[in-house]
Amino acid sequence: MRRVYSVLETILSALLLTCGFYMLNEGVSDKSNATAMLLGGAAFSVLGVVTLQAAVRSIIWHRTMLRNSNAHDQANETNGASHTRA
């Protein structure tokens, strides 16, 4: 179930980064409400980076756990131990 969260975190971070960069671009080009747009764009960009970091850590952790699990299962099969019941 954690893998679904990783994909959703990645999509959410992409949306936050896109929104943040768009707001930063509008804040630079628009002079009437530039401060609010720049602060909002910076906040969305930071949230996007933090969410992307969490997603990447989650994906790497998943790959590590799967690799360790497969190595553990292969070691048990070579020793004659099996997790299946007959």
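1. A word on terms before the details: buried means under 20% relative accessible area, exposed means over 50%, and partly exposed lies in between (1.4 Å probe, protein chains only). This is a predicted model, in which local features need pLDDT of at least 70 and side-chain atom pairs count only at pLDDT 80 or more, while totals for chains, interfaces and linings use all residues. Residues are numbered from 1 along each chain as its sequence is written, and side-chain values use heavy atoms, with hydrogens and water left out.

2. Let's begin with helix 1, residues 2-29, which holds valine 7 (helices are DSSP runs of H or I, at least four residues, numbered from the N terminus). Valine 7 counts as partly exposed because its relative accessibility is 47%.

3. Serine 13 is also found in helix 1. With a relative accessibility of 1%, serine 13 counts as buried. Beyond its neighbours within four places in sequence, serine 13 is in contact (heavy atoms within 4.5 Å) with Gly48, Thr51 and Leu52.

4. Now to helix 2, residues 34-78, where histidine 62 has its place. Histidine 62 is buried, its relative accessible area being 17%.

5. Alanine 34 is found in helix 2. This alanine 34 is buried, at a relative accessible area of 17%.

Notes
Helix = DSSP H or I, 4+ residues; strand = E, 2+ residues; numbered from the N terminus.
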